[in-house]
Amino acid sequence: MTVDTNPPVGLPSPEAESRGFLRLEWRILRTQLAQGFAKSRLRYALVIVLSILLWFGLFHLVLEGFHFMKGTLPLRIHEQIVHAIFNMFFLALFLMLIFSSGVILYGSLFHGSEVAYLLTMPIREEWIFQHKFQHAVMLSSWGFVLLGSPMLVAYGVVAHAPWYYYAMMLPMLVAFVFIPAGIGAILLLAILHFFPRKRGHLLALTVVLMIGVTVWCFGSLFSRPETDLLTPRWFQEMLCRLQLAQEKPLPNWWLSSGLLEAAGNAWSEGAMFLVLLIANALFFRELAGMFAARIYRRAYWEVAGFGSPPTRVHAGWFDRMLNRCLGFLSPSVRLILVKDVRLFRRDPLQWSQFLILICLLLMYFANVHPVRYSIRVSPWVNIVSFMNLSVVGLLMSTFTTRFVFPLVSLESRHFGLLGLLPLKRDSILWAKFLFSVGCLLIPCGLLILLSDWRLGIPPMLIVQHQGTSLLLCLGLSGIGVGLGARLPVITEQSPSRIAAGFGGTLNLVISTFFIVLVLVLTTLPCHVYFARQMEPTFAFSGESAPFIRSWLIVGSLGSLLAGALAVLLPMWVGIRTFRRQEFH
Amino acid sequence: MIEFELVIRRYGRTVAVNELALTIPRGELFALLGPNGAGKTTAIRMLVGLLQPDSGQVRVCGIDCSRKPREASRLMGYVPDEQYLYEKLSGREILEFAGEMHGLDRATTRDHIAREAERFELAGFLDNLTETYSHGMRQRLVFAIALLHDPQVLVVDEPMVGLDPRSARVVKDLLRAEAEAGKTVLMSTHTLALAEEIADRIGILNHGQLDFLGTLAELRQELSSPHQALEHLFLELTNGHPLPAAEKIPS
């Protein structure tokens with residue numbers, strides 16, 4: 001072996017690498033903002049305005065909830081309940097962030113073309129990791145900040161919190177997010193380094209374990225209640241069951257305690273928890289960085305070296321059945337639809353998170369039994385079923401944002417193939433629309449049916465709910481596919497990144513408005529009508545029966561119109577753009 | 001110099017590179033040839049630090065690419081077959097990032113960018129976002145990035161893809177000039193005419209094994225075909241049966 005006489009020139013210092021990445025990020029952000037404001041001012045303004053409206057809508061809703069609790073419950077129980085709600089909310093978030101940051105990092109650290117480029121340069125592995133880690137944290141937590149902040153601000157308003165409560169809120173949330181993200185990253189690196197060939201099995205095992213833990217938590221939370229719903233005793237019983245989320249070594253307890261202390265004018269205690277969270281965030285970030293410095297490249301080698309075993313696939317019974325069932329469609333639409341179903345089915349990493357959410361809702365609905373809660377004769381059953389419908393609708397809107405909106409963008413990459421086939425471009429979009437309706441309608445309808453059946457609501461209301469779910473599925477699909485075609489992200493390969501971009505955010509905001517509109521126009525008056533029949537003084541007691549009937553009729557017509565517009569308008573806009581779109 | 005010392009690399013049960021032993025000294029332009037799936041890209045990925053050999057060693061200027069990948073990559077310039085460029089940065093900004101990550105100071109980076117811009121005729125579009133570049137412009141920029149830090153070793157995977165005749169000429173001249181300046185150049189390509197034209201030596205990988213290593217004249221001698229083009233020799237060596245001339249053009 002000949003040793004070269006020229007020693008390597010000095011490698012860059014860690015500070016220089018850090019500066020280099022910071023400059024890189026800043027330049028990319030600056031370009032994106034400049035391009036956005038130069039070319040898409042209206043789009044950006046629309047998203048900002050709609051996001052603000054959504055934020056205030058959520059804020060108002062949660063504010064009412066906190067006011068209700070404060071007015072109903074004794075002060076001590078109220079505080080404990082708020083603490084328990086915060087604890088549970090942040091614990092659920094903690095677990096989801098571990099999982100989602102792991103999934104995002106797996107894609108970006110081990111399969112991205114950017115890391116392959118960076119790994120061929122003399123850059124420390126920990127800086128490559130940190131660069132992608134910051135992205136993963138942002139991608140997995142933006143929704144949390146958007147949806148969690150109205151709740152925290154609303155609590156601050158109800159509790160008459162001092163200014164430093166609001167000042168501490170954002171640093172606490174940001175510090176908190178880094179802890180589960182760091183744990184997720186460490187777990188991912190460890191699994192891929194030590195068990196690269198068993199990574200599929202371990203991932204499945206982790207999912208099963210998480211579902212198991214969640215089932216156990218929900219089971220212990222909702223089983224065998226011995227008191228009437230929403231009474232102080234019921235709240236106390238629930239409080240005992242939420243004990244699991246209130247373990248002091250858990251970061252969710254630090255966050256909720258820190259926020260509540262700050263809201264209660266105890267700034268020093270609040271600051272202590274803030275420091276505790278920041279210290280732990282830094283610790284886990286550093287620990288993950290140390291792990292990455294030692295094993296990231298080796299884990300990358302293992303993953304790249306093992307490859308995927310050749311998988312033989314063939315048209316199974318499901319595809320054949322689908323083909324037969326869709327015989328009434330034109331062949332081109334049917335073939336594209338079946339292809340989309342196949343692709344979706346063969347990519348479990350994408351739909352597993354959605355499946356977990358559906359399973360959670362299934363368990364919750366299965367456990368909501370009116371006899372247990374003694375609410376059969378109470379109009380509360382109406383509220384619970386209305387809320388369940390709203391939650392399912394919102395879940396479906398996240399589904400369309402995450403899976404349906406990116407469909408056209410992802411298809412664009414293969415347009416060299418599809419574009420040469422004798423297909424009308426319109427059929428591609430209509431096939432995607434039908435695919436989305438099919439995917440939404442089955443879980444949506446079943447979940448709502450289960451909820452209604454368990455709650456024992458009147459048959460007319462069940463029919464109304466099924467009609468609403470059909471309307472929601474059609475509208476959400478139209479919005480998702482139409483906007484996806486109008487605002488495609490052709491250069492991006494990751495569906496999660498496409499969904500997290502401008503178009504995805506706009507899709508989520510418009511979908512949420514559509515759901516709220518349909519629910520307010522038609523489902524709410526239905527519920528009010530039935531609730532008043534059970535208990536005339538329950539809601540809208542000041543309004544006359546003819547008013548409710550008029551609301552019901554006009555609202556139903558309005559929601560049908562809104563549904564038709566939600567399908568036709570975005571699809572028309574999307575088809576127009578898609579026909580003109582040039583693909584390379 | 002580049003050294004592969006009895007390198008073996010498997011993907012599951014498939015042996016992608018089998019006991020590859022190869023030394024490419026300074027000042028040599030080496031062309032690595034082989035059919036699809038022969039192991040060329042695997043060998044290059046081990047060299048640039050994207051894969052680790054199952055056994056054996058890959059060294060660059062005496063530095064083990066698996067044990068000290070950063071030090072090894074500092075000495076290398078790499079032009080991959082699929083270029084990655086930050087779409088929202090200009091060519092100049094990407095070159096500045098590459099210079100900074102290779103430990104060059106600002107003044108040196110600026111000088112080297114000017115040098116590469118002149119060499120690859122980048123000046124007209126260097127400050128435009130790379131998302132607006134054509135394939136040829138991107139390829140020229142990738143070459144500039146690879147050469148910015150004056151590497152001792154240049155590794156090029158399919159250098160001619162997407163280049164117009166003028167750019168192709170520039171690249172050919174550049175690869176020769178780099179080798180003549182005492183650098184080691186490893187080029188993996190399917191363009192046999194290119195290897196025939198500029199390579200000092202060629203290696204033919206087939207099913208992970210180096211079936212031939214030497215000059216074109218030695219290959220002709222080995223196959224007893226003194227006047228045949230490299231294409232004919234390559235097909236004969238890799239398939240055992242070169243296509244008759246009449247079969248080359250479909251009816």
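In what order do the six strands of the open sheet in chain B stand? In this predicted model, the order is β6-β7-β8-β3-β9-β10, and the pairing between the strands is mixed. The two edges of the sheet are formed by β6 (76-79) and β10 (209-214) of chain B, each of which pairs on one side only. From one strand to the next, the twist averages 15 degrees.

Helix α5 of chain B, residues 135-147, lies across β6 and β7 (153-157) of chain B. Relative to β6(B), helix α5(B) runs at about 165 degrees.

The description now turns to the interface between the chains. Here 33 residues of chain B are in contact with 35 residues of chain A. On the side of chain B that touches chain A, at least two residues each come from β1 (2-11), α2 (69-74) and α3 (91-101) of chain B. Helix α2(B) gives the most to this side, with five residues. Classified by residue type, the side of chain B that touches chain A comprises 15 nonpolar, eight polar and 10 charged residues.

Terms used:
Residues numbered from 1 in each chain as written. Chains lettered and ligands numbered in written order. Predicted model: local features only at pLDDT ≥ 70, side-chain atom pairs only at ≥ 80, totals over all residues. Contact = placed C-beta atoms within 7 Å. Helix = DSSP H or I, 4+ residues; strand = E, 2+ residues; numbered from the N terminus. Nonpolar A, V, L, I, M, F, W, Y, C, P; charged D, E, K, R; others polar. Pairing = 2+ DSSP bridges. Axes fitted to C-alpha atoms, helices over the stretch in contact; angles between N-to-C directions.
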